[in-house]
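User: I'm new to this one and would like to find my way around it. Could you take me through it a step at a time?

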Amino acid sequence: MELFKPLAPVIPVFLLIAAGLTFAHWKTISLVSVTEIIVYLGTPSLVFGSLASKPLYAGDIAILLGGIVVIFVIVGLLVRLYFLCFGFISRGFALPSLFMNAGNMGIPLALFAFGQAGFQRATLLFVIITFMQYSLGIYILNGRGNWREIFRLPLIYAAIAGLAVNLVQIKIPELIMQPITMLGQATIPIMLISLGYRLHQVESLQWGHAVGGALVRIVGGFCAANLAVLMIGAEGANGQVLLLYGALPAAVINFVLTEKYHQDPGLAASIVVLSTFMSVFTMPIVFWFIL
């Protein structure tokens, strides 16, 4: 049974992604309304409920922030090395190679694998990475960040409120906390189904550099995470979640942003799809290493 233990966190996640893919074959819908509910109601509830629920110390926050920054620096260097080796430069390659699927996949996998402690830390990393996506990510695409965009999302305010409640040890009445928790928990399967639906919308794949980008994201990211954990001395749930996040596939938002800024969106979409399907096979190996 121990042999199948690494599959336990992976199977529920990919079954829900497969449900989204299957649903997309059967019925065509607009994800706009679903996305609005996730962004403005579900995700803030998920973030606040997670960060406010279990004790989280300033040292944990510093380790997670330092670890994810080290991962981004190392993967960024790998992207530069790839460009030098292949005489090729593309911002549509760089973005999905750098930015992992912190929300749709990272949070559910951390919850199923590491319980509430992993869930809480994955939620915090999701907030940090979202902030970096709208600053560093957009800077990569058009030479200047969109710092104001992150402050238009309720996510950042939910994170600040959740951390304040946690660190100051404010007790939220159960009557208020229960519906927030329920809404946050309901968001997880909807995020995964939406991911499967979006993957179905990619009409054609580019190969070549897309395979390279997927490998940089997953293999390079996991190697970078191992170095980061060693460098900062991350242990327990902090180290486990950092290792998991290093190995995650590329986020769908990378395709959305590259399309918005006209930076090789076809290649970005191909890296997202290939890395996601590649992770079906790599994630059990990652969990075998971590667990």
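Predicted model: local features only at pLDDT ≥ 70, side-chain atom pairs only at ≥ 80, totals over all residues.

User: What does that make H10 relative to H12, roughly parallel or roughly antiparallel?

Analyst: Angles over 145 degrees count as roughly antiparallel. The axes of H10 and H12 cross at roughly 160°. That makes H10, relative to H12, roughly antiparallel.

User: Which residues of H12 make the contact with H10?

Analyst: H10 passes H12 in a right-handed crossing. On the H10 side, the contact is made by Gln240, Leu243 and Leu244. The residues of this contact divide into six nonpolar, one polar and no charged. The H12 side supplies Met283, Phe287, Phe289 and Ile290.

User: How many residues of H10 are buried?

Analyst: Here buried means under 20% relative accessible area. Among the buried residues of H10 are Ala237, Asn238, Leu243 and Tyr245. The buried residues pack against H3, H5, H9 and H12. H10 is mostly covered, and the count of buried residues out of its 11 is nine.

User: H9 came up there. How far apart are the axes of H9 and H12?

Analyst: H9 and H12 pack at an angle of about 40°. Their crossing is right-handed. As for the distance between the axes of H9 and H12, it is 8 Å.

User: How many residues in the contact of H9 with H12 are nonpolar?

Analyst: From H9, the contact includes Leu215, Ile218 and Phe222. From H12, it includes Ser275, Met278 and Thr282. The residues of this contact divide into seven polar, no charged and, for nonpolar, 12.

User: Which residue's side chain makes a polar contact with the side chain of arginine 121?

Analyst: Arginine 121 lies in H5, which spans residues 102-142. It is buried, with a relative accessible area of 10%. Not counting residues up to four places away in sequence, arginine 121 touches Leu56, Asp60, Leu64, Ala237, Asn238 and Val241. The polar contact, at 3.5 Å, is with the side chain of aspartate 60.

User: And threonine 187: which residue's backbone oxygen does its side chain reach?

Analyst: Threonine 187 lies in H8, residues 174-200. It is buried, with a relative accessible area of 4%. Leaving aside neighbours within four places in sequence, it is in contact with Ile38, Gly42 and Thr43. Its side chain reaches a backbone oxygen at 2.8 Å, that of leucine 183.

User: What about H11: which helices do its buried residues pack against?

Analyst: H11 runs over residues 252-260, and Val252, Asn254, Leu257 and Thr258 are buried in it. After H11 comes histidine 262, whose phi is positive, near 55°. The buried residues of H11 pack against H4, H5, H8 and H12.

User: In which loop is aspartate 264?

Analyst: Most residues other than glycine have a negative phi. Aspartate 264 has a positive phi, near 55°. At 33% relative accessibility, aspartate 264 counts as partly exposed. Its place is in the loop between H11 and H12.

User: Last one: is glutamine 169 buried or exposed?

Analyst: Glutamine 169 lies in the loop between H7 and H8. Although it is not a glycine, it has a positive phi of about 60°. Exposed means over 50% relative accessible area, and glutamine 169 has 69%. So glutamine 169 is exposed.

Note on methods: Residues numbered from 1 in each chain as written. Heavy atoms only, no water. Helix = DSSP H or I, 4+ residues; strand = E, 2+ residues; numbered from the N terminus. Buried < 20%, exposed > 50% of the residue type's maximum accessible area, 1.4 Å probe, protein only. Polar contact = N/O pair within 3.5 Å; in protein donor to acceptor, adjacent residues only side chain to side chain. Contact = heavy atoms within 4.5 Å. Axes fitted to C-alpha atoms, helices over the stretch in contact; angles between N-to-C directions. Parallel < 35°, antiparallel > 145°, perpendicular 65-115°, else oblique. Left-handed = near helix turned anticlockwise from the far one by under 90°. Nonpolar A, V, L, I, M, F, W, Y, C, P; charged D, E, K, R; others polar.
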